[in-house]
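Please walk through this structure with me, one feature at a time. The sequence and the model come first.

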Amino acid sequence: MSFNIRHGLDKNEGSNLRDILNIIRENKPDLIALQAVDSLAENGKVQFQLRQLAIQTGMFYTYGIADKSENGAQGVGILSVWPFEKTQTISLPVTQGADPKVLLCGLIKHSRNLTFRFCNSRLEYASVMDRALQAAYINQMLVNSIQPVLLGMDMGARPNEQPYFSFRKNWQDAAQGSQMETWNEGMPGDRLDYIFVLLNNKVRVKNYKVLRNYPHVSDHYPILSTIEFW
């Protein structure tokens, strides 16, 4: 699953964590890439959204901080039913004045015969140039991986735009051919969120769907795919 959770706020500016938990419990994903995740300090208490979700679901978690402020941090997170062998947070290139962005990866040993990387990123939404630079950099960092790679991402770009082109050659788009929008405040067909699979192993995408049951939870819909390696 990949899902931009809008900094833990629904479209009415209330907490959306309970609804996110319901989505996770209903769909039971093994791996979740969450974007726009906050860890905020308020009235002497820290609300770490990812840890709250991990505790409630019993999943392992890792957090990649993109930006810090006086009130805390924001970034991307991964939830996994399997523990992480290793995690890595990599800063992405940005032009002067743009918000910091990161690529977060966790190395997961699924079984004796399968160890893979699960990665997550949210690209710069306000600048086409930054998105294109960041997409090219992510491809460059991951394309030569020895292990299989799954990548969840809020790219902020449609399949006919430049940032997407970095993933056309060596990656399989789990939603290839889909016209179903993943951003629910834009135009029909605004597919901005992706699950990619690196084509360096025998792999099959069994299914893909956009989860539209909770349209008020975020300005993005969660996306879900089943991936098989053999």
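Predicted model: local features only at pLDDT ≥ 70, side-chain atom pairs only at ≥ 80, totals over all residues.

Glu228 is partly exposed, because its relative accessible area is 26%. Here buried means under 20% relative accessible area, exposed means over 50%, and partly exposed lies in between, with a 1.4 Å probe and protein chains only. Glu228 forms a salt bridge with Lys206, and their closest N and O atoms are 3.6 Å apart. The pair links distant parts of the chain: Lys206 is in strand S12 (residues 203–210), Glu228 is in strand S13 (residues 223–229), and they are 22 residues apart. Lys206 is also partly exposed, with a relative accessible area of 48%.

Residues are numbered from 1 along each chain as its sequence is written, and side-chain values use heavy atoms, with hydrogens and water left out. Helices (H or I, at least four residues) and strands (E, at least two) are DSSP runs, numbered from the N terminus.

How many salt bridges does a search of the whole structure find? It finds eight. Each is a side-chain nitrogen of Lys or Arg within 4 Å of a carboxyl oxygen of Asp or Glu. Side chains of opposite charge can pair when their charged atoms come close.

Take Arg158 and Asp190. Their side chains meet in a salt bridge at 2.6 Å, N to O. Arg158 lies in the loop between S9 and helix H4 (162–165), and Asp190 lies in the loop between S10 and strand S11 (193–198), so the pair ties together parts that are 32 residues apart in sequence. Arg158 counts as partly exposed, at 27% relative accessibility. Asp190 is buried, with a relative accessible area of 3%. Arg158, Glu161 and Asp190 are linked in a network of salt bridges.

Now look at Asp154 and Arg122. They too meet through their side chains in a salt bridge, at 3.8 Å from N to O. Asp154 lies in strand S9 (residues 149–154) and Arg122 in strand S8 (residues 114–122), so this pair ties together parts that are 32 residues apart in sequence. Asp154 is buried, and so is Arg122. For Arg122 the relative accessible area is 16%.

S8 and S9 belong to an open sheet. Six strands form this sheet in the order S6-S7-S8-S9-S11-S10, with mixed pairing. Two strands pair if DSSP finds at least two bridges between them. Strand S6 (84–91) and strand S10 (171–173) stand at the edges with a single partner strand each, so one side of each is left without a neighbour in the sheet. Seven bridges join S6 to strand S7 (residues 102–111), and the two run antiparallel. Across this pairing, Phe84 stands opposite Ile108 in S7.

Return to Arg122. Leaving out residues up to four places away in sequence, Arg122 touches several residues (heavy atoms within 4.5 Å). Among them are Gln74, Val76, Lys101 and Asp154.

Arg122 also lines the largest cavity, together with Ala36, Ala66, Gln74, Gly75, Val76, Lys101 and Val102. Strand S5 (residues 72–80) gives the most to the lining, with three residues. The volume of this cavity is about 50 Å³. A cavity is a set of points, on a 1 Å grid over the protein atoms alone, where a 1.4 Å probe fits but cannot get out; lining residues have an atom within 4 Å of a point.

Definitions and conventions
1 Å grid on protein atoms, 1.4 Å probe; cavity = no way out; pocket = protein on both sides within 12 Å on 5 of 7 lines; lining within 4 Å. Points joined across faces, edges and corners; volume = space filled by probe spheres on them.
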